[in-house]
Amino acid sequence: MVMPSYRCRIHVAKMPSMAFQYGLLRLLLAAMLTMLLSSCGNQQARVDTHETLNAALWTQTSAEYAATTLQAYQLAASNLDRALADTQWTAALEQGGDYTDLPPAIMLDLDQTVLDTSSYNARIILEYGSHAREHFSAWCEGSTAPAIPGAKEFIDHAVARGVTVIYISARREHLRDCTTVNLRALGLPLPGQERLLLNDGTPSSSKTQQRVDIASQYRILLLVGDNLNDFVSGSKTDPAARRALVDEHAARWGREWIILSNPMYGNWEASLYEYDYSLPRDERLNHLLQQLQQ
Ligand SMILES: [Mg+2]
């Protein structure tokens with residue numbers, strides 16, 4: 001085969017100086033380095049993890065979390081003794097009329113207050129992706145939650161002083177049996193089901209209404225919980241209004257209201273996406289990211 005011949009005309013331009021070539025090389029290397037670093041950065045940002053990973057790990061593994069719950073419950077025990085001695089003392093905004101002679105009671109939320117349900121949050125991270133009522137029910141039916149550090153000692157302290165212990169939870173009624181089994185397996189007092197207030201989906205089982213009911217029978221010495229609605233009504237609102245509620249009742253915290261930290265979930269988080277639980281997880285995440293303050 002005869003190869004065609006090409007006549008090339010080569011224009012020989014004036015060669016750039018060595019300094020120019022050296023500068024060009026430096027620019028090229030800098031651009032490559034920038035691209036490489038940028039690529040590494042993107043890889044890190046794309047690590048597939050869950051938005052509650054650190055919160056769940058802190059709750060499950062940190063010494064500091066246990067220290068905060070022990071601190072809260074030791075404060076509660078100390079305040080209980082003060083509350084018993086002061087017949088004017090009440091923790092419930094719903095307490096009205098002459099309550100001074102009513103028998104004393106305390107009201108405690110269950111999840112992340114008395115019961116450590118963080119293994120459910122671990123399951124969300126590893127398996128479910130998001131909370132769903134049926135997921136929680138399945139977990140609840142099959143799991144035995146341990147007690148939050150300090151909870152049992154405080155409750156035993158209250159019982160020893162003749163104080164009635166009322167558990168109040170947003171868990172649905174169909175979880176009554178597994179909740180009862182869990183509490184009793186931990187040796188927590190539950191002499192009758194009237195001491196375990198769950199949610200039947202009606203307004204009468206809202207935590208506020210349940211406090212109204214208990215306040216008509218008992219003098220409520222302490223409220224213990226991990227969510228603002230364990231203490232005060234009207235807290236299912238936006239973050240600024242929730243914060244204003246905390247400030248409005250500033251003198252109650254650490255006195256008759258004992259709150260435990262819960263960085264994993266709660267109305268604090270749902271308020272960031274306006275309680276729209278129907279949002280897909282990625283849309284919820286977008287709402288969360290928009291709330292960050294730099
Ligand atoms: Mg709770």
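So, confidence: this is a predicted model, and the protein's mean pLDDT, the predictor's confidence in each residue from 0 to 100, is 89, with 84% of residues at 70 or more. Two stretches fall out of that. Over residues 1-13 the pLDDT is below 50, and beyond near neighbours in sequence that stretch has zero contacts in the model. By contact I mean two residues whose C-beta atoms, placed from the backbone, lie within 7 Å.

Quick housekeeping. Residues are numbered from 1 along each chain as its sequence is written. Because the model is predicted, local features need pLDDT of at least 70 and side-chain atom pairs count only at pLDDT 80 or more, while totals for chains, interfaces and linings use all residues.

Now the overall picture. There are eleven helices and five strands; those are DSSP runs, H or I of at least four residues for helices and E of at least two for strands, numbered from the N terminus.

Let's look at helix 3, residues 63-85. Helix 3 has 23 residues and reaches 34 Å from first C-alpha to last, close to the 33 Å expected, where the expected span is 1.5 Å times one less than the number of residues.

Which residues of helix 3 are buried? Tyr65, Thr69, Ala72, Tyr73, Ala76, Leu80 and Ala83. Their cover includes helix 2 (53-61), helix 6, strand 4 (219-225) and strand 5 (257-259).

Helix 6, residues 151-160, packs against helix 3 at about 10 degrees, with the axes 9 Å apart. Axes here are lines fitted to C-alpha atoms, for helices over the stretch in contact, and angles run from 0 to 180 degrees between N-to-C directions. On the helix 3 side we have Tyr73, Ala76, Ala77 and Leu80, meeting Ala151, Glu153, Phe154, His157 and Ala158 in helix 6.

Last stop, Arg211, in helix 8 (residues 207-215). Is Arg211 buried or exposed? Buried, because 25 other C-beta atoms lie within 10 Å. Leaving aside neighbours within four places in sequence, Arg211 is in contact with Ala92, Glu94 and Met107. Glu94 is 117 residues away from Arg211 in sequence, yet their C-alpha atoms are 6.5 Å apart.

Definitions and conventions:
Buried ≥ 20, exposed ≤ 12 C-beta atoms within 10 Å, placed from the backbone.
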